[in-house]
Amino acid sequence: MRPLWQRAALAWALAGGLLLLLGFPVFTEPGWWRGGVLSLLEAGWPRVVIPPLVVALGAALAL
């Protein structure tokens, strides 16, 4: 069995990879995504800030 720190590092890396995979469709805003998901966000700063923030958070966690 792996030590706790190795399991935690693996969990953070998987969470970061998942955020990256989910963040890029938000960041690139394809038509099918913009109409369904981004329409749930308020107009203004949330729609501008949240997609790049999710991608950056995923990259940071993956590192």
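This note goes through the predicted model point by point.

1. Basis of the model. The structure is a prediction, in which local features need pLDDT of at least 70 and side-chain atom pairs count only at pLDDT 80 or more, while totals for chains, interfaces and linings use all residues. Residues are numbered from 1 along each chain as its sequence is written, and side-chain values use heavy atoms, with hydrogens and water left out.

2. Confidence. The protein chain averages a pLDDT (the predictor's confidence in each residue, from 0 to 100) of 79, and 87% of the residues score at least 70. Where pLDDT is low, the predicted coordinates should not be read in detail.

3. Fold. The protein chain has three helices and zero strands, these being DSSP runs numbered from the N terminus (helices H or I, at least four residues; strands E, at least two). Of contacts (heavy atoms within 4.5 Å) between residues at least 6 apart in sequence, 66% join residues at least 24 apart. Leu10, which lies in helix 1, is 52 residues from Ala62 in sequence, with 9.1 Å between their C-alpha atoms.

4. Burial. Of the 63 residues, 14% count as buried, where buried means under 20% relative accessible area, exposed over 50%, and partly exposed in between (1.4 Å probe, protein chains only). Leu10 is partly exposed because its relative accessible area is 41%.

5. Surface. The protein chain exposes about 4,700 Å², of which carbon and sulfur atoms supply 76%. Trp45, Val48, Val49 and Leu53 make a nonpolar surface patch of about 450 Å². Within helix 3 (residues 45–62), Val48 counts as exposed because its relative accessibility is 59%. Patch residues have over 30% relative accessible area and no salt bridge, with like charges joined within 9 Å and nonpolar side chains (Val, Leu, Ile, Met, Phe, Trp, Tyr) within 5 Å; a salt bridge puts a side-chain nitrogen of Lys or Arg within 4 Å of a carboxyl oxygen of Asp or Glu.

Note on methods:
Accessible areas come from the Shrake-Rupley method with a 1.4 Å probe; for residues, only the protein chains shown count as cover.
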